[in-house]
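Hi,

Here is the structure I promised to pass on.

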Amino acid sequence: MYPELDELRDQPGIAEVLASLAPFPLDAERLVPALNWLLDNGYGRLPIAGGGRALERWSMLSTVAAVDLSLLKLYEGHTDAMAILDAFGAKAAKGSWGVWAAEAPGKAICFKPDGGGTGGRLFGTKAWCSGADVLDNALITAHTPDDQPVLVQVVLKQPGVMHDCHDWKAVGMAATHTGEVTFDAAVGHRVGKIGGYLERPGFWHGSIGIAACWYGAACAVAMTLRHSRRLEHDPHAQAHLGAIDARLFAARCALQSAAVAVDAASDEDAQLLALRVRAIVESAATETLDRVGRALGAAPLCMDAAHARRCADLTTFLRQSHAESDLQELGARCMRDDGNLLQEAHL
């Protein structure tokens, strides 16, 4: 039904890693060995979206997401960090990486340059840091004393770096080691130019990659219904499965089309494309969660640990979307181009 899952499990090493990491869902203790297995066995760097292999990159993320979203959260952060460093021509230190770009109110990070180079010192607290107490390195968004946005790479195991995961009370994505990280004169190095993190085309390519993660997890949720014996005698369950299949097919087509577009014009602004794809995939994933629940009732949510965890994880992870804010921006983009929708009516 969802052939990309089987296709990617046949890639060298993937079938073995899935078997070695079972049983799922992973808890916080087993998450790090699983991540390290992926990094140590050649999966730490994925093809760059825009280099002719965007679909391969997104398919790998989708596959890991279908297995375990907490693992995916740390894995996607590492692979995103590698793509960002490559885009800026920066060398990556050994070990695991995260990208901490969320900027919560009252949690600003100040980067004070040492001089004319890229080095400097970090001060402040960064919220929403997945892998806070287990990763080796991170790329973090910060601001200079004159409020210029910069991206800074920092080694996490050094004096002046303190993590606190005690306030992470999440049910969904519970195993991600997420917390706050406080920097007190920790050494960091600016990556790229001022404002470069958001200005690079890869920013929107990466946001489509997140949609691929939503898609992979939604496929896995759908498979609980697909394997249910209720389908044999319940026409309503069959109808739910049919509706899910149609929505996930549309999401898959959107991701495939986006991969072609990104690879054909890697330097172009992909914001409009990303907003469209993310809206399509988010809607498909949300409907999948709803319809599987309506078709199967509460039983799998109460008695199937992997399914219950996956539903909770996906519900939380989907909120990485900006919801109506993204839809409003998409509508505003459409308004600025009066002929846009009519032009696209011509297939």
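Which residues lie nearest the centre of the largest pocket? They are K73, A101, A102, Y197 and Q320, out of 45 residues that line this pocket. Before the rest, a caveat: this is a predicted model, where local features need pLDDT of at least 70, side-chain atom pairs count only at pLDDT 80 or more, and totals for chains, interfaces and linings use all residues. Numbering runs from 1 along each chain as its sequence is written, and side-chain values use heavy atoms, with hydrogens and water left out.

A pocket here is an open set of points on a 1 Å grid over the protein atoms alone, where a 1.4 Å probe fits, with protein on both sides within 12 Å along at least five of seven lines; lining residues have an atom within 4 Å of a point.

The largest pocket has a volume of about 1,300 Å³ (the space filled by probe spheres set on the points, which are joined across faces, edges and corners). Its largest lining share, 6 residues, comes from α7; elements giving at least two residues each include β1 (97-100), β4 (137-143) and α11 (305-317). Helices (H or I, at least four residues) and strands (E, at least two) are DSSP runs, numbered from the N terminus.

The second largest pocket holds about 340 Å³. It is lined by 21 residues, with I48, A49, R200, G202 and H205 closest to its centre. Here α5 gives the largest share, 5 residues, while α4 (54-67) and α7 each supply at least two.

Cheers
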